[in-house]
Amino acid sequence: MVNPGLTINLFDFQEKAVIKLLDLTAKDDSKQTIIMKAPTGSGKTIILIDYVDKFLTNVVDNMAFIWLCPGKGNLEEQSRDKMRKFAPGRVTQNLFEALSSGFAPGSTTFINWELVTKRGNTAIRDSERKNLFDRIADAHRSGVEFMVIIDEEHSNNTAKAKSIIDAFSAKHIIRVSATAVQNKRYEFFEIDEVDVINAGLITKALYVNEGIEENLEITDDYDYLLDLADAKRKAISIRYQEKGKNIRPLVLIQFPNGRPETIIAVERKLECMGYTYDNGMVSKWMSEDKKDLPENLTENDGIPVFLLMKQAISTGWDCPRAKILVKLREGMSESFEIQTIGRIRRMPEAKHYEDDLLDFCYVYTFDEKYKAGL
């Protein structure tokens with residue numbers, strides 16, 4: 001018996017986005033590339049899952065979908081898990097399963113970009129097994145058409161990425177990003193951030209450096225900013241408790257370069273404040289160093305209250321209890337990245353509480369360039 005899965009209850013703006021995608025990809029006169037600009041937190045994964053399901057049900061059932069995700073944060077696994085949950089009747093696979101058995105009509109293949117664009121990967125190398133290009137050619141010979149979805153499309157604009165996308169000869173390429181730019185060569189539509197806020201999915205606004213006096217002379221960012229962030233975290237935590245919510249707000253500490261001496265200094269500061277890896281209150285997620293990452297890190301009642309990070313999880317990582325970002329300076333001033341802010345803008349229960357303390361998110365930084373971007 002097939003698991004019927006969870007019903008996808010879409011907000012109006014999400015339904016309109018699905019209808020727009022169906023309309024553009026069903027018409028023969030649409031441009032090949034379609035850009036969907038979707039604010040972080042707008043539920044783009046759910047929109048895309050519902051779109052794929054409806055397309056295969058109502059338009060063409062022998063299309064094979066390729067869903068390309070950035071390498072950071074296991075986004076392809078998260079997206080595939082969501083599709084299994086909300087559209088369990090659909091065939092999903094990862095790259096290795098596709099290399100083993102090919103691209104079946106009606107399937108959706110979730111691929112981590114780094115597996116196909118990194119030097120030395122095996123997916124596109126000649127070997128006894130069929131490589132990616134062989135499998136694509138097999139599918140074309142058997143009459144399978146491709147539709148390519150590029151999630152967080154700003155992450156992979158490289159020549160190697162282009163050669164792989166071109167090999168699919170896709171009927172349409174759907175590019176999705178919070179930072180997409182309109183281009184006359186492509187179809188383009190945008191989800192309005194106001195609609196996402198009104199749906200309660202993301203915070204109403206963002207406070208920058210609340211409580212910081214102007215013209216302060218600070219030797220070490222972290223020494224001053226972490227005290228402020230922790231006071232805010234505790235205030236938010238108490239307010240959740242007063243509302244009967246079991247939600248533990250999370251502080252993200254972002255190191256632009258991840259210099260070992262800065263990380264060690266921050267770890268010492270946190271230890272003085274009573275937060276350590278040993279007591280489970282601190283976790284670290286950097287590409288070269290992951291430490292004490294519990295399975296429930298992203299759950300609303302997850303134990304860690306501080307997460308040390310670099311750029312590794314600026315895209316595609318979903319942790320709605322994250323409410324505060326401490327952005328440190330390390331030498332060069334960093335340019336503002338909207339994806340990082342997206343990590344703290346989600347609402348933990350996808351609704352507002354009509355309480356500014358809980359309905360806002362908070363950034364603490366002395367990085368002037370970053371502040372200007374905010």
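**Overview**

The protein chain has 13 helices and 14 strands, where helices (H or I, at least four residues) and strands (E, at least two) are DSSP runs numbered from the N terminus. The model is predicted: local features need pLDDT of at least 70, side-chain atom pairs count only at pLDDT 80 or more, and totals for chains, interfaces and linings use all residues. Residues are numbered from 1 along each chain as its sequence is written, and side-chain values use heavy atoms, with hydrogens and water left out.

Of the 374 residues of the protein chain, 52% count as buried; buried means under 20% relative accessible area, exposed over 50%, and partly exposed in between (1.4 Å probe, protein chains only). Among contacts with a separation of 6 or more, 75% join residues 24 or more positions apart, a contact being heavy atoms within 4.5 Å.

**Exercise 1. Describe how helix α1 packs on helix α2.**

Step 1. Two packed helices are described by the angle between their axes and the distance between the axes. Axes are lines fitted to C-alpha atoms, for helices over the stretch in contact, and angles run from 0 to 180 degrees between N-to-C directions.

Step 2. Helix α1 (residues 12-26) meets helix α2 (residues 44-58) at an angle of about 45 degrees, and their axes are 9 Å apart. α1 is therefore oblique to α2: angles under 35 degrees count as roughly parallel, over 145 as roughly antiparallel, 65 to 115 as roughly perpendicular and the rest as oblique.

Step 3. The crossing of α1 and α2 is right-handed; a crossing is left-handed if the near helix is turned anticlockwise from the far one by less than a right angle, and right-handed if clockwise.

Step 4. On the α1 side the contact is made by Q14, A17, V18, L21, L22 and T25, and on the α2 side by I47, L48, D50, Y51, K54 and F55. These residues divide into eight nonpolar, two polar and two charged. Here Ala, Val, Leu, Ile, Met, Phe, Trp, Tyr, Cys and Pro count as nonpolar, Asp, Glu, Lys and Arg as charged, and the others, Gly among them, as polar.

**Exercise 2. Describe how α2 packs on helix α3.**

Step 1. The axes of α2 and helix α3 (residues 75-86) come within 10 Å and cross at roughly 55 degrees. This angle makes α2 oblique to α3.

Step 2. The crossing of α2 with α3 is right-handed.

Step 3. T45, I46, I49 and V52 in α2 touch S79, K82, M83 and F86 in α3. By class, five residues of this contact are nonpolar, two are polar and one is charged.

**Exercise 3. How many aromatic pairs does the whole structure hold, and which parts does the pair of F103 and F146 tie together?**

Step 1. The search of the whole structure finds 13 aromatic pairs. Rings of Phe, Tyr and Trp (its six-membered ring) pair if their centres lie within 6.5 Å; planes under 30 degrees apart count as stacked, over 60 as edge-to-face and the rest as tilted.

Step 2. The ring centres of F103 and F146 are 5.4 Å apart and the planes stand at 85 degrees, so this pair is edge-to-face. F103 lies in the loop between α4 (95-101) and β4 (107-112), whereas F146 lies in strand β5 (residues 145-151), so the pair ties together parts that are 43 residues apart in sequence.

Step 3. F103 is buried at a relative accessible area of 6%, and F146 is buried at 1%.

Step 4. For Y207 and Y362, the ring centres are 5.6 Å apart and the planes are at 20 degrees, so the pair is stacked. Y207 belongs to strand β8 (residues 205-208) and Y362 to strand β14 (residues 360-365), so parts 155 residues apart in sequence are tied together. Y207 is partly exposed at 34% relative accessibility, while Y362 is buried at 1%.

Step 5. Y51, F55 and F65 form one aromatic cluster.

**Exercise 4. Characterise A350 and E354.**

Step 1. A350 is not a glycine, yet has a positive phi of about 55 degrees. E354, also not a glycine, has a positive phi of about 55 degrees.

Step 2. A350 is found in the loop between α11 (338-342) and α12 (356-359); E354 is found in the loop between α11 and α12.

Step 3. A350 is partly exposed, at 35% relative accessibility, whereas E354 is exposed, at 63%.
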